[in-house]
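Visitor: Hi! I have a fold open on my screen and would like to talk it through. Could you show it here as well?

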Amino acid sequence: MDIRTAVNDLNSKILQGKALDAFEEYYADNIVMQENQDEPTIGKEANRQREQEFFSSIKEFHGAEVKNVAISNNVSMVEWFWDYTHTDWGRVNAAQVAIQTWENGKIINEKFYYSK
């Protein structure tokens, strides 16, 4: 599967509420994920826990939209708009860019950029 097909499927699964399924399918065991300039989280298990905690804290999902996708070589960039209610943060309307580095059909590095 080429990166464009994988990115489209990954984004589709996220929009269908299957983000954790997409995580299992498309993220490598040695994945490194980072939020803005926070310390990166290393490894699939640690990132799985982080993802599960985040999604279990969403009280209500109001919608999401993929605004733009760019792909070059082994890097994809996805611009998102999110609208949800979080148990601790309240209603969140956020623009976010996810930059993903791919290797052998899996994401090995993902960094999220957004304003807090």
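Visitor: Which residues lie nearest the centre of the largest pocket?
Guide: Glu35, Phe54, Phe55, Tyr84 and Gln96 lie nearest its centre, out of 40 residues that line the largest pocket. Do keep in mind that this is a predicted model.

Visitor: Noted. What volume does the largest pocket have?
Guide: The volume of the largest pocket is about 960 Å³.

Visitor: And which elements give two or more residues to the lining?
Guide: They are helix 1 (3-15), helix 2 (19-26), strand 1 (27-35), helix 3 (44-56), strand 3 (58-72), strand 4 (75-86), strand 5 (90-103) and strand 6 (106-114).

Visitor: How many nonpolar, polar and charged residues are in that lining?
Guide: The lining of the largest pocket has 22 nonpolar residues, 10 polar ones and eight charged ones.

Visitor: Let's turn to the rings. How many aromatic pairs does the structure hold?
Guide: There are six aromatic pairs.

Visitor: Take phenylalanine 54 and tyrosine 84. Why is the pair edge-to-face?
Guide: Their ring planes meet at 85°, and planes over 60 degrees apart count as edge-to-face, so the pair falls in that class. The ring centres are 5.7 Å apart. This pair links distant parts of the chain, with phenylalanine 54 in helix 3 and tyrosine 84 in strand 4, 30 residues apart.

Visitor: Is tyrosine 84 buried or exposed?
Guide: Tyrosine 84 is buried, because its relative accessible area is 8% and buried means under 20%. Phenylalanine 54, on the other hand, is partly exposed at 26%.

Visitor: What about phenylalanine 54 and tryptophan 89, what aromatic pair do they form?
Guide: That pair is tilted, with 6.3 Å centre to centre and 40° between the planes. It also links distant parts of the chain: tryptophan 89 sits in the loop between strand 4 and strand 5, 35 residues apart from phenylalanine 54 in helix 3. Tryptophan 89 counts as exposed, at 54% relative accessibility.

Visitor: Which residues form one aromatic cluster?
Guide: Phe54, Phe55, Tyr84 and Trp89 do.

Visitor: Where does the charged end of lysine 44 sit?
Guide: Lysine 44 has its charged end over the ring of phenylalanine 23, 5.6 Å from the ring centre.

Visitor: New topic, the largest nonpolar core. Which residues have the most contacts inside it?
Guide: Leu10, Ile14, Tyr26, Tyr27, Met33, Trp102 and Ile107 have the most contacts, in a core of 23 residues. Helix 1, helix 2, strand 1, strand 4, strand 5 and strand 6 each give two or more residues to this core. Helix 1 gives the most, with five residues.

Visitor: Where is isoleucine 107 found?
Guide: Isoleucine 107 is found in strand 6, and this residue is buried, with a relative accessible area of 0%. Isoleucine 107 and tryptophan 80 are 27 residues apart in sequence, and their C-alpha atoms are 18 Å apart in space.

Visitor: One last thing, the backbone. What is phi of asparagine 36 near?
Guide: Phi of asparagine 36 is near 45°, a positive value in a residue other than glycine. Asparagine 36 lies in the loop between strand 1 and strand 2 (41-42) and counts as buried at 13% relative accessibility.

Visitor: And asparagine 104, where does that one lie?
Guide: Asparagine 104 lies in the loop between strand 5 and strand 6. Its phi is near 55°, a positive value too, and asparagine 104 is exposed, with a relative accessible area of 76%.

Technical notes. Residues are numbered from 1 along each chain as its sequence is written. This is a predicted model: local features need pLDDT of at least 70, side-chain atom pairs count only at pLDDT 80 or more; totals for chains, interfaces and linings use all residues. Side-chain values use heavy atoms; hydrogens and water are left out. On a 1 Å grid over the protein atoms alone, a cavity is a set of points where a 1.4 Å probe fits but cannot get out, and a pocket is an open set with protein on both sides within 12 Å along at least five of seven lines; lining residues have an atom within 4 Å of a point. Grid points are joined across faces, edges and corners, and a volume is the space filled by probe spheres set on the points. Helices (H or I, at least four residues) and strands (E, at least two) are DSSP runs, numbered from the N terminus. Ala, Val, Leu, Ile, Met, Phe, Trp, Tyr, Cys and Pro count as nonpolar, Asp, Glu, Lys and Arg as charged, and the others, Gly among them, as polar. Rings of Phe, Tyr and Trp (its six-membered ring) pair if their centres lie within 6.5 Å; planes under 30 degrees apart count as stacked, over 60 as edge-to-face and the rest as tilted. Buried means under 20% relative accessible area, exposed over 50%, partly exposed in between (1.4 Å probe, protein chains only). A charge sits over a ring if NZ of Lys or CZ of Arg is within 6 Å of the ring centre and within 35 degrees of the ring normal. A nonpolar core is a set of buried Ala, Val, Leu, Ile, Met, Phe, Trp, Tyr and Cys residues joined through side-chain atoms within 4.5 Å.
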